[in-house]
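I opened this model to look up a few points about its chains, helices and strands. My entries follow in the order I made them.

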Amino acid sequence: MLSSTAKNLYWLARYIERAENTARILEATNRIALLTRGRPQGGAEWLSVTGIYGCEMALRERHANPGLEELMHFMAFDEHNPSSIYCGVRAARNNARAERNNLTTDVWENLNGMWLELQSMARQGGPGGDWHGFLDWVKKQAQLVTGAAQSTLLRDEAFNFLALGNFIERGDSTARILDVKYHILLPKGEPVGGSIDYYHWSEILSCVSAFRIYRRVYASAIEPWRVAELMILRRDLPRSLHFCQRQVNFHLEELAEAFAARHEAHRLSGEIYSQLRYGRIELIFQNGLHEFLTDFIQRNGRLSDQIERDFLMK
Amino acid sequence: MAGGRFFDEMRGMDGTVREPYREVARWIEDTPDRRMEQKRREAEILFRRLGITFGAYGAVAGHETAIPFDLIPRVLSQAEWRRLEAGLIQRTRALNAFLRDAYGKREICRAGRIPEAQILQNEQFVPLAQDLDLPGGVHAHVCGIDLVRTGEDEFFVLEDNVRTPSGVSYMLENREVMMRLFPRLFADNIVLPVGRYSEALIETLKAAAFSGASDPCIALLTPGQYNSAYFEHAFLADEMGIELVEGSDLFVDESRVYMRTPRGPRRVDVIYRRIDDAFLDPLSFRPDSMLGVPGLVSAIRSRNVNIANALGNGVADDKSTYPYVPEMIRFYLGEEPLIPNVPTYRCAIAEECRYVLDHLRELVVKETHGSGGKGMLVGPAASQAEIEEFRLRIQADPAGYIAQPTLALSTCPTFVEQGIAPRHVDLRPFILSGREVVIMPGGLTRVALREGSLVVNSSQGGGTKDTWVLGT
């Protein structure tokens, strides 16, 4: 396998995962905007979504006074916004096209089909107001691609790079979702706010499809520190940081075995993993949730860079 | 010009069905139009599905328009093919001998058969390829030799392609689609298979390795996904199970070529390159090339890597060299050419140029460096203005042009909008030169879909047909 192949697959998986996460976040944003409409303060809170991607400035440059519709369009279809779903799917599809030989027809056709349809929607100027339907569609399409990869690809070295991209991106995304909302995830023991806060937490849980799971796991009212525990430390929630990092670690180990070589990436990954594996939510809150999350995002980013150096740029 | 009378592959000159086409003719007869129409649609769907697989490599919109495929096969009898095969092997051996000589002692020039200037002054001559002494003496590992037919026993070589000939993937796919659509036809006819091509190609490439390594590492070098033949590159790499690489996937260290892999560098022994000489190595040729591999030529000269086809092959297939090929066959092999050239007038020679200028209306004029059916004048079909434009161009640069009589290219029944009608065809067989010379029976038949058109190139509205060589 070529390094360029490994790199294309790694980024293909990241782009697709990112498109799905963006759809999840926008879905929640859309919902919260509808729920808080007409309330004082509530009106512009949904703009915090731009904080997740660090693209608030770019949005303001395009729209002096962006409303929900402008925000949605910017994050979904703007081809000058590298964080948009449109750009992500396009990049994923370009990578897939270059690696057509290394993918199955199922993966390629699902991804290519998604791109062609997205393109035609973009030409029509968006989903005609049906954002809920559109975001649902994006999520489903992305899951089709990931599912086709899971169920048809040969488990060779190349697959490990695809999986690494998948889980590095997912971990990054979950951390960002939590971080943007950290200010409402008050330390344990603080008085819980009113109904707006409740919607915010359920919004966060919905982003990772974990609203029901929360109920099942904790069988209690939604409490901020438990939301954080679920999304950071739970070993069995497929979008938690712990779960993602365990996968990253696993696939790096697979590569170590296949190539009979270990690199700095393996050490970095193990370090992050042990922190999540043995971490406790009380300590995380004591030292500051925001600090913990930014530290994770930075270390995850360093790990990604290191994977590039160790495998993808040789 | 044959005055509008053309030899038809199915019905000859007199309209009776020729023996090799007996079954095909019956099949056309027996198949109701409706069913044929349905099969045409099925073929389209099959190609579109392949198109999703392959055409997606196309440039802009992501859907390369596939070259039109015609359902009616072009059929050659066993005896016809044996003759052609012998002629093609002969010609390929002579071309390889010539390339060896052109980049060696140039004995053919000392013997006065070809002027030395024809080689040394040729734009395609690559001085860096002098004295390379390649494995097996092979320079043209993959050749595409274009043949045309004008009568029952009249075949001509129209041109040689010994640089990076393409189209072989169509030969393979056309057969694949035909067998899926019409299994009965293949039961009623014994058609020699072509599917072994990729295997023969990989053997040919292995034989090109410098080091006697038993399992040389081979890679296919493509200009990338925006190249019009990219799908063929991807297809062949896939079929052969070798890496499809771009220039940036390779690097040269101490005159050795390596692939970048997540395991670390991997040594490469043979590169099947589908990139032109000019873009191959920015250190030796065009410095602005982003497609090539810096240092590749030094690695070749150090005998650490070989490329197929070799550097500088253009001196052998250039249209100004073409008239000398029969002489090469006589000089190197001591044989008479089995398949003749089309008579060719070289405008570089004053006398012949005068003849050409006086007979533009009857001739086909080609640029010596042109390819793909562009930069070409088909006299009988041209307007007065086009003729006058070519007259000026030839007068300005006589050495840049050759001319040939307009050939009465054979026709083959073809589906067109009005039904089935004869359309002109040519044939490009692919010849592999490794430890031995191998040709898949048949080749790629190209068909000019426009009525009366003699230009079969796909860029000029040509299509393709499955080409059969019968086993009995």
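**Where the chains meet.** I began with the contact between the chains, keeping in mind that this is a predicted model. I find 17 residues of chain A in contact with 19 residues of chain B. On the chain A side, four helices each supply at least two residues: H1 (3–35), H5 (85–98), H6 (105–123) and H15 (289–312). I sorted that side of chain A by class and got seven nonpolar, five polar and five charged residues.

**H5 and H6 of chain A.** Next I checked how H5(A) and H6(A) sit against each other. Their axes come within 10 Å and cross at roughly 140°. I noted the crossing as left-handed. From H5(A), the residues that meet H6(A) are A:Tyr86, A:Val89, A:Arg90, A:Ala92, A:Arg93 and A:Ala96. H6(A) answers with A:Trp108, A:Leu111, A:Asn112, A:Met114, A:Trp115, A:Leu118 and A:Ala122. The class count for this contact is ten nonpolar, one polar and two charged residues.

**H8 and H12 of chain A.** I then turned to H8 (residues 157–180) and H12 (residues 241–259) of chain A. They pack at about 155°, with axes 9 Å apart. Angles over 145 degrees count as roughly antiparallel, so H8(A) and H12(A) are roughly antiparallel to each other. This crossing, too, is listed as left-handed. The contact residues of H8(A) include A:Leu164, A:Phe167, A:Ile168 and A:Arg170. Those of H12(A) include A:Val248, A:His251, A:Glu254 and A:Leu255. By class I have ten nonpolar, six polar and three charged residues in the contact of H8(A) with H12(A).

**H11 of chain A.** Is this helix buried or exposed? Eight of the ten residues of H11 (residues 224–233) are buried, so H11(A) is largely enclosed by the rest of the structure. I listed the buried ones: A:Pro224, A:Val227, A:Ala228, A:Glu229, A:Leu230, A:Met231, A:Ile232 and A:Leu233.

**S4 of chain B.** I moved to the strands of chain B. In a regular strand the side chains alternate between the two faces of the sheet. S4(B), residues 218–221, has both faces covered. B:Ile218 and B:Leu220 are buried on one side, B:Ala219 and B:Leu221 on the other. What are the neighbours of S4(B)? S4(B) runs parallel to S9 (residues 270–273) of chain B and is joined to S9(B) by four bridges. With S5 (residues 243–245) of chain B, S4(B) pairs in the parallel sense over three bridges. I followed B:Ala219 both ways: its bridge partner in S9(B) is B:Ile271, and its partner in S5(B) is B:Glu243.

**The S6-S7-S8 sheet of chain B.** Three strands form an open, antiparallel sheet here, in the order S6-S7-S8. S6 (250–253) and S8 (266–267) are the edge strands, each pairing on one side only. S7(B), residues 256–259, pairs with S8(B) over two bridges.

**B:Ala43.** B:Ala43 has 20 other C-beta atoms within 10 Å. The cut-off for buried is 20 or more, so B:Ala43 counts as buried. Leaving out residues up to four places away in sequence, B:Ala43 touches B:Phe69, B:Leu71, B:Val177 and B:Leu181. I also took a distance to B:Arg273: 230 residues apart in sequence from B:Ala43, and 31 Å apart in space, C-alpha to C-alpha.

Notes: Residues numbered from 1 in each chain as written. Chains lettered and ligands numbered in written order. Predicted model: local features only at pLDDT ≥ 70, side-chain atom pairs only at ≥ 80, totals over all residues. Pairing = 2+ DSSP bridges. Axes fitted to C-alpha atoms, helices over the stretch in contact; angles between N-to-C directions. Parallel < 35°, antiparallel > 145°, perpendicular 65-115°, else oblique. Left-handed = near helix turned anticlockwise from the far one by under 90°. Contact = placed C-beta atoms within 7 Å. Nonpolar A, V, L, I, M, F, W, Y, C, P; charged D, E, K, R; others polar. Buried ≥ 20, exposed ≤ 12 C-beta atoms within 10 Å, placed from the backbone.
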